[in-house]
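The following note sets out points for a colleague to consider alongside the coordinates.

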Amino acid sequence: MIRASDISVLVGGKCLLQHADISVKPGRVTALIGPNGAGKSTLISVLAGERKPDRGEVLLDEIPLARISPLALARRRAVLLQHSALDFAFTAEEVIELGRLPFSGTPAQAFDAAAIDDAARLAGVLPFLARSYQTLSGGEKQRVQFARAIAQIWRPDDGAESEARFLILDEPTSALDLRHQRLVLDVARRLADEGAGVLAAIHDLNLASAYADDAVLLKGGRIVASGTADEVLTAPALRACFDVEVEILTRENGQRAILV
Amino acid sequence: MTDIAAALPRMSRAARRPAILGGLAVLLAIAFVAALSTGAVPIPFTDVLRALAGMEMDSRTAAIIQSIRLPRALLAVIAGMALAGAGAAFQGLFRNALADPSLIGVSGGAALGAVFVIVLGSFLVGILPFLASPWLLPLAAFAGGLAATFAIQGLAQLQGHAATATLLLAGIAINALTGALTGLLVYVSNDTQLRDFTFWSMGSLASGGWRAVTAAALPILLALGIILSRARALDAMLLGEREALHLGVQVQRLKHVIMVAAALAVSSAVAFCGIIAFVGVVVPHVVRLLAGPDHRIVLPGSMLAGATLLLVADSFARVIVAPAELPIGLVTAAIGSPFFLWLLIRNRRAA
Amino acid sequence: MRTRTISFTVSLAVMGFAFAAPLHAEGERIVSVGGSTTEIVYALGAGDRLVGADTTSIYPAAADALPDVGYVRQLSAEGLLSLSPDLILAGGEAGPEVALSQTEAAGVRIVKLKEGYTPESVQAHIEAAGIALSRESEAETVNAAFREDIAQVLADVEKLENKPRVLFLLQAGRGGLLVAGDQTAAHAMIELAGGENATAGFTGYKPFSPEAATEAAPDILLVTDQTVEMLGGTEALLSDPALAATPAGESKRIVSMDALYLAGFGPRLAHAVRDLAAALHPEADIAPLPARPWTDME
């Protein structure tokens, strides 16, 4: 489990995060929700171990992140960032192959080919694996990067007990059309079902409600609500968080639709 | 599990790696033998081989091959490897195909060191006679290159971590400073000193005696070994600094290591050869066009191709105006500039 | 200017009988480095043994047609060796050191003359070259004539009453104009010819500054023909307001001489000093020197 407690981040006298508590649990998809500028990306960079908080601490299985080397961390969790600019003519496959970098020189290197193959299939990028990354569309690029993150936390399906893996996604669906938004979150859901802990910053409230087990609402650097998705994604909470009128419809099969 | 037949065409670029490196190595070997066989003095090819094998032959031919052409060709090889290898590593580190170690002041600092010795050397030796040595100039150029790099790194570090933008700005500032000091020294230099510095800044492998080769080889091979060992980390850097960090790369440490290693390699080459333009930018780019941006091939490929280019350029430099010779920097720039312009235009169109 | 094809043909022709050449001194193949060094070789009658010279060797005309081994400080070991010389006679400024030592290691005799800007150093150069070329008696003949000539000129200069202030200006490539301080050939020439260097007091060449020129207050501007050519005429020199305002500028007194003749410190030194002295002192009657074989070469 990745657990952050009492996180505060200050930049130039401005408080980007205040006393934030959040945890990413194995086997669950946690949605991070909030308006622009709420501090989602800051929180993600703290949880990913990229940024040291000014106050508070992030623990991975009760060990402070600060005491874990970048390499050891990379073997446990993958991060997909919002914008990835790549100006060099790697093929899509070579980009995905880089996801296996933390395992070079380890026994897990033996699984590289399988991991790349599986990740490419899951992300739906098999048809253009050999193409130059630079020639891909924005959505295709995003899925290639997604496949890279999957390859990084890929494990052989041999039933052996191993430490939980984590996948941190910052707006993974932003450049994608409807079908591929579903595809990406389906894969995230599936990885969680296989035991991974997934944290995803999601703009679309309906997608969040459809895929997330847990949800965290962030506003102005503060966590205003957290808990299971059903508890958090309520009309009053969303209204308070986004300052807009929200209506929630529930179908007979339990599916909910959030109208803004 | 992976179907081998399906995987084959996808792996083609990786599979081509040994072939490409092998091809470049063969080219280098041909260029090396060609460099040994060309020169102002016509020597039959069989005599070149006999001299290399240490067989009995007339002493003048043996001296030309063994003490002039061979160390000079070896200096071309290690200097070419250093310039192109360091250039390739730099472009990866800064994720910019046009980056060059001169960005962090290596050439500017080395030039300042060189002009300092050329203009004030006799004055210095007058006060401190123990300084009188043919090694004074290469040492000063070497020290100047490293000092400028450390100054720039130090400035960029003031913020706690070396942000690329700060690093480049510090580079511009230090380059302007070394440029101004160099200009000042050039301004007060006399005619001979000015000619000496002009020739130095156009590059030459004429100092390539055995002592120069051995002195340059050690730091260059050490630095290139370090650079080669960071190939995959540089690949990750191409994705972005944050992405590299999330892939387990210690980004700050990588920056330090690559910058120091590249500065070490380039300073050593510049110390003995002067400024040789374009090898560091053009060669890695050609290798990338040929084999893709994977540093496992770009780094060794650039080193092989850089060595080949310098051997060929020096062979030209030695015979075009024989019995005099052209500065090698002119030859590489003559080949490099049109290519560089084409590269700029092409990049501009792509952007 | 010299053409590449000619020197190439010469060097190829020369290579043809390189190995047939007898090895005693008269047949020695010589490469000369340095303008005045080359002049000495010709003065000693050994010009026909030259197989190559550097770019600064432009007098006599025959020297200019020899295969060019490059700039005096940018020699190439193999380039030198390709001319199969038995002897390289090098002026003090020849370099780089590595090229010379590599050439020497390949079995070529190298005689390096010491740098110097005095009549004595010229005689020493001629003597050393005479020994190197096994032309001691010719060297003594040249030196005897030189001693006679220089003694006559210096005696004439001695009698002069006034010492005009002379400002030497040199165009050095893009670097702008330079003026000469102590320990320069130009300074030494001005002193020998009975002038006073208007910018003495520092060592070497310094960039020209308009204010310093005003303060130097020269009576005469001394330039080389090459500088005048580069500037495009003496008028260009006087278009500088600072120079135009000096006494020399007002009276338009500009003396221009060939650079190698003026500052070469070769066997023509005595004649150069005489010509300069005559130009600096038009009022005085300085007797011309008798023409010598080495001052009158084509």
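Among the two pairs of chains that touch, which has the most contacts? The most contacts are between chains B and C, two residues being in contact if their C-beta atoms, placed from the backbone, lie within 7 Å.

1. Basis of the note. This is a predicted model, in which local features need pLDDT of at least 70 and side-chain atom pairs count only at pLDDT 80 or more, while totals for chains, interfaces and linings use all residues. Residues are numbered from 1 along each chain as its sequence is written, and chains are lettered from A and ligands numbered from 1 in the order in which they are written.

2. Chain contacts. In the pairing of chains B and C, 27 residues of chain B are in contact with 33 residues of chain C. On the chain B side, the elements that give two or more residues are α4 (59-94) and α8 (191-200); helices are DSSP runs of H or I with at least four residues, strands are runs of E with at least two, and both are numbered from the N terminus. Chains A and C do not touch, and their nearest C-alpha atoms are 41 Å apart.

3. Fold of chain B. Chain B has 15 helices and zero strands. Its radius of gyration, 21 Å, is close to the 20 Å that the globule rule gives for 351 residues, so chain B is as compact as a globular protein of that length; the radius is taken over C-alpha atoms, and the rule is 2.2 Å times the number of residues to the power 0.38. The C-alpha trace spans about 65 × 55 × 35 Å along its principal axes.

4. Cis peptide bonds. Y59(C) and P60(C) are joined by a cis peptide bond with omega of about -10°, and P60(C) lies in the loop between β2 (50-53) and α3 (61-64) of chain C. The bond from G95(C) to P96(C) is also cis, with omega near -5°; P96(C) is in the loop between β3 (87-90) and α5 (97-105) of chain C.

5. Positive phi in chain A. D6(A), in strand β1 (residues 2-11), has phi near 55°. D6(A) counts as exposed, with 12 C-beta neighbours inside 10 Å. E171(A) has phi near 50° and counts as buried with 20 such neighbours. The cut-offs are 20 or more other C-beta atoms within 10 Å for buried, 12 or fewer for exposed, and partly exposed in between, with C-beta atoms placed from the backbone.
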